[in-house]
Amino acid sequence: DNILLCYSGGTDTWQRIGDLIVVLKKVCLADRRCKALFLTNNRDEVAGLLREAAFPSDQALIHGCSHKEVHRYLSAADLGFIMRHDTTVNNVASPVKVAEYLACGLPVILTRGIGDYSEMLPGAGVGVLVDETTDMVDQILNFIHNNNLMSLRDKAVQFARSRLTMSANLEHYR
């Protein structure tokens, strides 16, 4: 019955790990079925940030692995998270982690301004764009509670295959 919320990535400022920890903590406290997985090679730094935030230790997992193993951990999760500031650099970005989440069957919770993804994923029903000017926790919980996460897994994988692979876009490249 647990719901595994996953962040995969580093701890650079632009990745908004501090903001993400705050949001995930609130979601986990609001729904005790939720657990947060931080898949990062910056384990000690994330552990320190979690302690500072008083994140419940029974609801947080930190794991590091090689890039070749990332898919194993993502495939065990239920939702992927990415937060960025709505800036010109991020507006033209296409973070690989979004495609990794989708390819592993994770719908994506994301903020505004992440390349085409911020509009594309909610439009395709494989993610939710959270409005940072209102209660993000309620938006995330509504998404979790009002969707069948198992059926979204297949939809996310299909979206990745049909929109994010070289073979799906070969004619466009030519």
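Both Glu 171 and Arg 174 are exposed (over 50% relative accessible area; buried is under 20%, partly exposed in between; 1.4 Å probe, protein chains only). Their side chains meet in a salt bridge at 2.8 Å, N to O (a side-chain nitrogen of Lys or Arg within 4 Å of a carboxyl oxygen of Asp or Glu). Salt bridges that share partners also join Arg 16, Asp 19 and Glu 132 into one network. The model is predicted: local features need pLDDT of at least 70 and side-chain atom pairs pLDDT 80 or more, while totals for chains, interfaces and linings use all residues. Residues are numbered from 1 along each chain as its sequence is written, and side-chain values use heavy atoms, without hydrogens and water.

The structure holds six salt bridges. One of them pairs Asp 31 with Arg 33 at 2.9 Å, N to O. Asp 31 is buried, at 8% relative accessibility. Arg 33 is partly exposed, at 34%.

The largest nonpolar core has 54 residues (buried Ala, Val, Leu, Ile, Met, Phe, Trp, Tyr and Cys joined through side-chain atoms within 4.5 Å). Leu 5, Phe 38, Phe 55, Leu 102 and Leu 121 touch the most other members. Helix H1 (residues 17-30) gives the most to this core, with seven residues. Helices (H or I, at least four residues) and strands (E, at least two) are DSSP runs, numbered from the N terminus.

Buried residues of H1 include Ile 17, Ile 21 and Leu 24. Phe 38 is in contact with Ile 17, Ile 21 and Leu 24, among others (heavy atoms within 4.5 Å). The cover over the buried residues of H1 includes strand S2 (34-39) and helix H7 (136-145).

Technical notes: Lists of a residue's contacts leave out its neighbours within four places in sequence.
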